[in-house]
Amino acid sequence: MRRQAQAVLAESSWESNSFGASMRVLLGECEFDSGRRLLLRHGRAEPLSPKAFQLLELLLDRRPEAIAKTELLERLWPGAFVSDASLYNLVAEVRAALGEASRAPRFIRTVPRYGYAFHGDARPAPAVDIQAPAATGACLLLGRREWLLSEGSNLIGRDRDSAIRIDSVTVSRRHARIVVSPEQATIEDLESKNGTDLNGQRVEHPVPLTDGDQIRVGSVTVTFRILKSLASTVTRQA
């Protein structure tokens, strides 16, 4: 019971650190936006798993401090027993998204026999007008309800700050996200309890969306649509 309580405490502490004040940082040709849960490279969204995104967020928040592997493992997998290989794979995923190699790291520094640190060029991104998100012509439909999707990351869940808030006990607080770019829209499950399905298939990694796709989050099914007047904004996949 004590171990379970410690795990819950560690997880809630991590969430308060990760999802409190949003952070926007420029990293060379990349931009990290914690508020929109988005990593851009040359202006295009780079797919990152939820835990890889959390790892990058933690390293950025603590830069240039080196963080021990033991702390990273506890933050990312609170109360669970995982090997260093799991952390190594996450670091490799982050490096690939940032366009760097382990032999010539520009951003993620390996501290031998200790852990990892963020170093290199990182500076706050200029302020943007968050009151007027860019229209994309993409939306989600649920009966008579309609959610317009903005460019970047659109969170689906029960959280009050979700772009698509669905008040159902079968939907996790941070269930899934749809990332919209000028080229395409993709959906990704955020390790939700009841999973995300696209046209009857379980979503295991970021998957491109097309007009008319049926998205099931928990027990709720919504329809992804592209408005005809703005259909050129998002490329329809064959």
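**Entry 1**

I began with R62, which is buried at a relative accessible area of 18%. Here buried means under 20% relative accessible area, exposed means over 50%, and partly exposed lies in between, with a 1.4 Å probe and protein chains only. I note that this is a predicted model: local features need pLDDT of at least 70 and side-chain atom pairs count only at pLDDT 80 or more, while totals for chains, interfaces and linings use all residues. Residues are numbered from 1 along each chain as its sequence is written, and side-chain values use heavy atoms, with hydrogens and water left out.

Which residue meets R62 in a salt bridge? I found E71, at 2.8 Å from N to O. A salt bridge here is a side-chain nitrogen of Lys or Arg within 4 Å of a carboxyl oxygen of Asp or Glu. E71 is partly exposed, with a relative accessible area of 26%.

**Entry 2: Other salt bridges**

I looked up the total and got 15 salt bridges in the structure. One of them joins the side chains of R24 and E31, at 2.8 Å from N to O. E31 is buried, at 16% relative accessibility.

I also checked D211, which forms a salt bridge with R225; their closest N and O atoms are 2.7 Å apart. D211 is in the loop between β17 (207-208) and β18 (214-217), and R225 is in strand β19 (residues 220-226), so this pair ties together parts 14 residues apart in sequence. Helices (H or I, at least four residues) and strands (E, at least two) are DSSP runs, numbered from the N terminus. D211 is partly exposed at 22% relative accessibility, and R225 is partly exposed at 33%.

**Entry 3: Rings**

How many aromatic pairs does a search of the whole structure find? It finds 2. I looked at F107 and F118: their ring centres are 5.8 Å apart and their planes lie at 15 degrees, so the pair is stacked. Rings of Phe, Tyr and Trp (its six-membered ring) pair if their centres lie within 6.5 Å; planes under 30 degrees apart are stacked, over 60 edge-to-face, and the rest tilted. F107 is buried, at 3% relative accessible area. F118 is buried too, at 1%.

Next I checked F53. R177 lies over its face, 5.7 Å from the ring centre. The rule asks for NZ of Lys or CZ of Arg within 6 Å of the ring centre and within 35 degrees of the ring normal.

**Entry 4: Helix α3**

In helix α3 (residues 69-76), I found L72, L73, R75 and L76 buried. Seen down the axis, the buried residues of α3 fall within an arc of 165 degrees, so they line one face of the helix. The arc uses the directions from the helix axis to the C-beta atoms.

**Entry 5: Cores**

In soluble globular proteins, nonpolar side chains tend to be buried together. I looked for nonpolar cores, meaning sets of buried Ala, Val, Leu, Ile, Met, Phe, Trp, Tyr and Cys residues joined through side-chain atoms within 4.5 Å. The largest has 29 residues, and L27, L55, L56, L98 and I108 have the most contacts inside it. Helix α2 gives the most to this core, with 7 residues. A second, separate core of 21 residues includes W147, I156, V171 and I178.
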